[in-house]
Amino acid sequence: VSDRGPQRGGELSEAELAAARSGDVHAFTALVERYDHRLRVLAFHLLADPYATDDALQDVYVKAFRALPGFAGRSSLGTWLTRITYTTCIDHLRRRSRLVPVPDLEPVDVLPEGPDPTDDLSDRRHVREALRQLPPEQRAVVVLVGVQGLDYERAAEILDVPIGTIASRLSTARRILRSTLRDDHAPLVAAASEEGSS
Amino acid sequence: MTDLRVPPDDPRDDRELWDLVAGVPVPAPTPDFLPCLEVRLAAAALAGAAPSGGGAFGAALPGPRVRPRRRRRISFLAAAAAMAAAAAVFALVVLPALRAPDTATAADMLAAITEAGGSVHSVRLHIVDGYVADKKATPSPGPLVAEVPALRGTTITDLTMDDSGDYRATQTVDMGAMHYVGDFGYDELRHELRTASQSADDGVIILRPAWYTDFHNIDVFYLSFQADANTVRALLAAADPNMPVIETTYLGRPAWQATFLDDYRTGKQTVVVDRETGLLLAADRSWPTEKGDKLVSVTRVTQMEADPTLAKDWQVVPSLKTTSGRLRWNYFRDDGTRFGTPKSVAALSSPTPVVLPAWTPSGYDRADLATAVYGDPRPAYVDDNSWHYSKETVRRPSGSTPGVSVSKRLALRRCSHLVKALYRRSFDTFTVTIEPRSDQKPVEQVSAGRRGSHDVELADGFFSGSTARVWIGSTTFTYQFEGGRIEEEVSQGPTLLAYTGDWRVVISGDLTAQELVDVANSLQVYGETASPSPSPSGKASPSPTPKASRTATPKPRPTSSATATPKPTPTPTSPATTPSPATTASPAASGQ
């Protein structure tokens with residue numbers, strides 16, 4: 001995945017960018033729609049909660065909207081937005097560091113039998129749980145480099161750390177993830193491997 | 001393919017692992033995400049138009065280039081022009097901006113949530129409730145968020161409801177030794193309330209016809225949540241109109257946040273209300289305990305979905321199948337509640353009169369009118385497939401079905417009755433209950449010490465001349481619908497209580513203190529000739545002289561009181577003509 005442009009909807013034209021920079025809400029909303037998915041992936045893996053993700057991304061876009069007139073374009077727009085997303089999510093995590101997440105409510109016996117709407121998520125749930133064992137800084141590197149394919153330099157720019165730190169975090173994160181998945185969920189990893197080879 | 005046991009040296013090349021991570025689903029934004037964002041962006045455009053610069057987000061990012069200061073010689077005229085321009089900008093941009101998000105007031109919030117609702121017709125909420133108790137416990141200092149701190153006495157509720165009155169609530173209560181899971185559903189069309197606990201052995205109770213808040217059969221927390229929600233408008237109306245409130249977001253939705261001190265200024269309540277629907281989303285209530293600790297009661301909606309896709313009969317708790325192995329029971333109960341028109345209800349409830357408000361706040365319509373058994377009339381039941389009246393078996397119903405228990409209250413006309421009307425405006429409700437007075441305790445001795453408690457002399461309507469006690473706190477009030485025990489109390493929010501003769505009125509629900517009084521002043525007996533228009537402001541208007549007896553004896557069935565006998569041709573009372581400043585009159589009530 002390239003960092004050079006938006007993930008969905010094609011490139012942003014100069015005119016669209018100019019309109020968004022001028023304070024045009026609709027133009028900015030179009031920009032949001034183009035970048036939202038990649039930013040949402042990062043925010044969701046950092047915050048581990050869909051509603052908190054929505055809350056954080058709302059803050060991200062308002063910040064970006066206010067700051068866009070001053071955006072000089074020395075980095076790509078995607079890098080700039082990703083940086084805002086990362087810092088905003090870290091702020092959200094700090095604010096809620098004293099809080100305890102609410103456990104999922106288990107289905108009640110007396111409810112009608114039927115497919116659990118979360119079934120389609122359950123087979124990936126343990127991968128998600130393994131990911132959540134990582135500190136947020138490592139999760140961010142996993143998403144940016146491992147999932148979104150950014151190079152070390154751009155990840156370092158976004159996270160504002162040296163390149164060596166990025167490499168170190170990715171290496172550590174991989175080791176932990178592999179260990180967790182192999183020890184606890186070997187069948188799934190094996191199944192995934194078979195799917196990947198077929 | 002990479003072998004998991006032999007990962008590549010460069011972690012970037014570990015595609016197998018990263019593909020697994022990439023396969024973790026990321027939830028899509030909620031349907032309201034973009035509309036809410038547009039609202040916030042528009043507010044930002046209005047408030048700011050003041051770019052903060054990219055540099056605000058980290059030194060590594062390019063920010064706006066700061067222009068080096070240059071000493072310029074500015075002519076007097078230029079300076080004057082600049083000052084004039086600045087003044088214009090201040091007036092046109094800065095002042096509205098200052099007025100916008102950060103300086104909203106209680107009056108703004110009250111007006112907004114009074115107008116809220118209507119655009120959303122159903123909602124699904126995940127609600128967590130509990131408390132924190134220690135010396136350091138304090139409510140959250142800033143904007144409340146959807147995460148929940150570690151709580152004791154946790155109750156988790158998944159509540160779906162619509163603006164017709166249907167609801168379904170699944171609730172888990174975890175209070176140490178007590179662990180309970182219940183499932184509750186109400187079908188407004190059928191007037192049917194179904195409840196079940198997690199243990200299927202307990203069976204399913206199917207109460208029909210039933211009142212939607214029959215608290216003997218549903219969880220009290222659901223009512224408490226409603227009561228808390230009901231207090232918000234009343235608290236805002238009682239607050240200083242210029243009291244600052246916070247415009248915030250909660251669960252990604254625009255919301256209001258306000259904080260209220262209690263009457264003794266020792267306790268504090270902070271609430272977050274959804275801007276679009278007016279629904280309560282979060283509440284922290286703190287108060288000191290006798291031991292010097294602080295108790296913080298915490299309620300959080302942690303998930304909210306507006307207008308979710310609802311399956312057919314989503315509000316119905318399913319009956320248990322009686323043929324699958326062990327016999328399991330469905331308990332059908334008819335406790336004698338009867339819904340109807342004012343005429344049909346009056347025919348059954350007499351001598352308890354049907355008393356309805358001629359005025360309600362704008363948007364409220366009467367949704368239900370019912371009478372129910374009150375007191376101890378020695379009613380008859382059919383139970384365990386045998387019919388009883390007092391101790392005498394009257395007759396046996398035809399047939400019996402294993403796994404089905406039928407309990408039915410008979411001889412309703414031998415009972416004394418109360419009459420209850422429900423008014424609904426989107427998700428807001430209030431009720432007017434007329435019931436026999438069980439004791440002669442003066443109203444001044446009732447509900448003392450409750451929040452905002454004060455007495456008002458009613459100037460109009462059936463209770464004209466009575467002293468009404470009004471309070472707006474979500475503590476408790478005497479609730480009596482079936483069961484016959486006057487001590488039963490349940491939380492219901494803002495309430496007005498008044499007596500006249502042998503009757504008591506309880507008005508309760510989402511009304512401000514003034515609206516409670518205005519509704520009380522407009523109460524008219526169904527079938528009476530219209531009285532002079534009651535004034536919603538509560539000011540003097542000639543008192544009607546109700547024809548219904550204020551001293552009817554609600555004891556074992558007397559012959560019908562002439563005063564309570566419905567007239568063949570009911571005459572609706574007049575709607576109010578003078579709305580309160582904060583509300584608009586709505587012809588409410590009395591006819592069909």
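Among contacts in chain A between residues at least 6 apart in sequence, what percentage join residues at least 24 apart? The share is 68%, where contact means heavy atoms within 4.5 Å. The structure is a predicted model, in which local features need pLDDT of at least 70 and side-chain atom pairs count only at pLDDT 80 or more, while totals for chains, interfaces and linings use all residues. Residues are numbered from 1 along each chain as its sequence is written, chains are lettered from A and ligands numbered from 1 in the order in which they are written, and side-chain values use heavy atoms, with hydrogens and water left out.

**Chain A**

- Chain A contains 9 helices and 0 strands; helices (H or I, at least four residues) and strands (E, at least two) are DSSP runs, numbered from the N terminus.
- Along the sequence, the pattern of chain A reads α-α-α-α-α-α-α-α-α.
- Of the 198 residues in chain A, 52% are buried, a term for under 20% relative accessible area with a 1.4 Å probe, protein chains only.
- The accessible surface of chain A is about 9000 Å², and carbon and sulfur atoms account for 50% of this surface; the area comes from the Shrake-Rupley method with a 1.4 Å probe.

**Aromatic rings**

- Over all chains, 9 aromatic pairs are found; rings of Phe, Tyr and Trp (its six-membered ring) pair if their centres lie within 6.5 Å, and planes under 30 degrees apart count as stacked, over 60 as edge-to-face and the rest as tilted.
- Phe462(B) and Phe463(B) form an edge-to-face pair, because their ring centres are 5.2 Å apart and their planes stand at 85°.
- Phe462(B) and Phe463(B) are both buried.
- One aromatic cluster consists of Tyr167(B), Tyr186(B), Trp211(B), Tyr212(B) and Phe339(B).

**Charges over rings**

- Tyr212(B), a member of that cluster, has Arg424(B) over its face, at 5.8 Å from the ring centre.
- Arg437(B) places its charged end over the ring of Tyr499(B), 4.0 Å from the centre; the criterion is NZ of Lys or CZ of Arg within 6 Å of the ring centre and within 35 degrees of the ring normal.

**Cavities**

- The whole structure holds 6 cavities of 30 Å³ or more; on a 1 Å grid over the protein atoms alone, a cavity is a set of points where a 1.4 Å probe fits but cannot get out.

Technical notes: Buried means under 20% relative accessible area, exposed over 50%, partly exposed in between (1.4 Å probe, protein chains only). On a 1 Å grid over the protein atoms alone, a cavity is a set of points where a 1.4 Å probe fits but cannot get out, and a pocket is an open set with protein on both sides within 12 Å along at least five of seven lines; lining residues have an atom within 4 Å of a point. Grid points are joined across faces, edges and corners, and a volume is the space filled by probe spheres set on the points.
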